[in-house]
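Work through the exercises below with the model open. Try each task before you read its solution.

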Amino acid sequence: MLEPKISVIMPVFNAIPFLGESIQSILNQTFSEFELIILNDKSTDESLEIINKFKAIDNRIVLIDKEQNVGPANLRNEGINIAKGEYIALMDADDIAMPNRFEKQFTFLKNNPEIGLCGTWFTFFGAESKTIKHAVDSDAIKVSFLHSCNIGNPTVMFKKEVLGNLKFDNDYVPVEDYDLWSRLLAKTNFYNIPESLLNYRQHNTNISKTKIDNVNRSVRRVKINQLKHLEISDSDPKIDAYLNAVSLKKKLSPEEIIESINASKYLVSQNAKVQYFNQELFEKHINKVLIRSIRNAASYNKSFYRFLKNDAASLFSKISLLDRTIIYFKSLKGK
């Protein structure tokens with residue numbers, strides 16, 4: 001094999017408990033024309049020894065052994081830069097790819113040239129077993145990205161040429177994938193194969209408050225960047241209301257929900273003008289977020305109920321009669 005069709009990028013850092021199983025799941029693929037670029041990020045366990053054992057028996061493995069720890073975002077960028085394949089597949093060092101994953105993704109991308117990136121559904125295993133079924137077609141994926149990343153990063157395969165000068169941004173770690181894919185969505189179409197083709201290992205770990213705060217800040221930045229496609233500046237004084245209209249935040253005050261409902265009207269009109277999102281899906285998404293916000297409000301009062309019934313009548317009518325009745329009585333009691 002002079003030129004592989006697929007380049008697989010696998011960052012590794014102290015992955016010894018699961019690394020061998022993950023590498024083997026790639027080598028066992030029914031589609032065999034690939035190179036597996038493994039980037040060892042100065043592991044302090046026996047990861048390097050495991051990689052070398054596999055490399056000695058399979059010449060499709062390319063090892064990059066880092067002298068300094070640089071982090072997964074930088075590793076993936078380096079792997080993509082040296083990749084020889086027309087297609088790039090991502091893989092984590094503790095997950096397990098189903099044997100036909102590459103075959104199905106490669107075939108789909110070849111047969112659908114308008115699609116630049118193809119993910120798949122995946123199944124959590126470890127602490128619990130649950131299959132994650134993300135949105136399938138590109139319009140739905142793009143809208144869903146306003147709330148969260150609807151592509152499983154280790155399920156991704158994409159055409160290298162569509163990436164252009166885009167790359168993983170270390171400033172967004174640990175949600176650098178959410179950032180990159182939200183930017184790439186503006187350049188090409190996405191698709192999720194509606195089949196679980198990867199087992200995603202779930203770990204029981206305690207995440208520090210500092211890390212959670214960092215994640216929340218980065219996620220907020222990604223969402224604000226997406227709103228820029230609707231010509232909304234990150235310095236807009238109503239930015240929180242716009243965000244709350246497209247991404248659920250529970251326990252909002254009645255005043256915050258009213259602001260979000262009013263802000264949503266501008267979002268809808270802006271999208272109708274620039275046509276970045278599918279208009280029908282965009283409006284359905286916003287309505288769903290706002291309805292859930294109303295149901296999960298921090299409190300209720302009479303003036304809030306009057307606003308919902310009169311000024312937001314179209315939206316309020318989409319809430320079930322039972323929930324509207326409950327909201328009414330909570331509003332009377334001021335709870």
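**Exercise 1.** Sort the lining of the second largest pocket by class: how many residues are nonpolar, polar and charged?

*Solution.* The lining has six nonpolar, three polar and four charged residues. Here Ala, Val, Leu, Ile, Met, Phe, Trp, Tyr, Cys and Pro count as nonpolar, Asp, Glu, Lys and Arg as charged, and the others, Gly among them, as polar. Next, the volume: about 240 Å³ for the second largest pocket. A pocket is an open set of points on a 1 Å grid over the protein atoms alone, where a 1.4 Å probe fits, with protein on both sides within 12 Å along at least five of seven lines; lining residues have an atom within 4 Å of a point. Then find the centre of the second largest pocket: of the 13 lining residues, Ser264, Lys265, Asn287, Ser314 and Leu315 are closest to it. Last, the elements that give two or more residues to this lining are α10 (254–274), α11 (279–295) and α13 (313–316).

The model is predicted: local features need pLDDT of at least 70, side-chain atom pairs count only at pLDDT 80 or more, and totals for chains, interfaces and linings use all residues. Residues are numbered from 1 along each chain as its sequence is written, and side-chain values use heavy atoms, without hydrogens and water.

**Exercise 2.** Locate glutamine 29 and decide: is it buried or exposed?

*Solution.* Start with the loop between α1 (19–27) and β2 (34–40); glutamine 29 lies there. Its relative accessible area is 5%, so glutamine 29 is buried (under 20%; exposed is over 50%, partly exposed in between, with a 1.4 Å probe and protein chains only). Now check the side chain of glutamine 29. It reaches the backbone oxygen of serine 25 at 3.0 Å. A polar atom of this side chain also lies 2.8 Å from the backbone oxygen of methionine 98.

**Exercise 3.** Describe the ring pair of tyrosine 242 and tyrosine 266: what is its geometry?

*Solution.* The search of the whole structure finds 17 aromatic pairs (ring centres of Phe, Tyr and Trp, its six-membered ring, within 6.5 Å; planes under 30 degrees apart are stacked, over 60 edge-to-face, the rest tilted). For tyrosine 242 and tyrosine 266, the centres are 5.9 Å apart and the planes at 35 degrees, so the pair is tilted. Tyrosine 242 is buried at 4% relative accessible area. Tyrosine 266, at 34%, counts as partly exposed.

**Exercise 4.** Classify the pair of tyrosine 305 and phenylalanine 316: which type is it?

*Solution.* The centres are 5.7 Å apart, with 85 degrees between the planes: edge-to-face. Tyr305, Phe316, Tyr328 and Phe329 form one aromatic cluster.

Methods
Grid points are joined across faces, edges and corners, and a volume is the space filled by probe spheres set on the points. Helices (H or I, at least four residues) and strands (E, at least two) are DSSP runs, numbered from the N terminus. A polar contact is a pair of N or O atoms within 3.5 Å; within protein, one must be able to donate a hydrogen and the other to accept it, and residues adjacent in sequence count only if both atoms are side-chain atoms.
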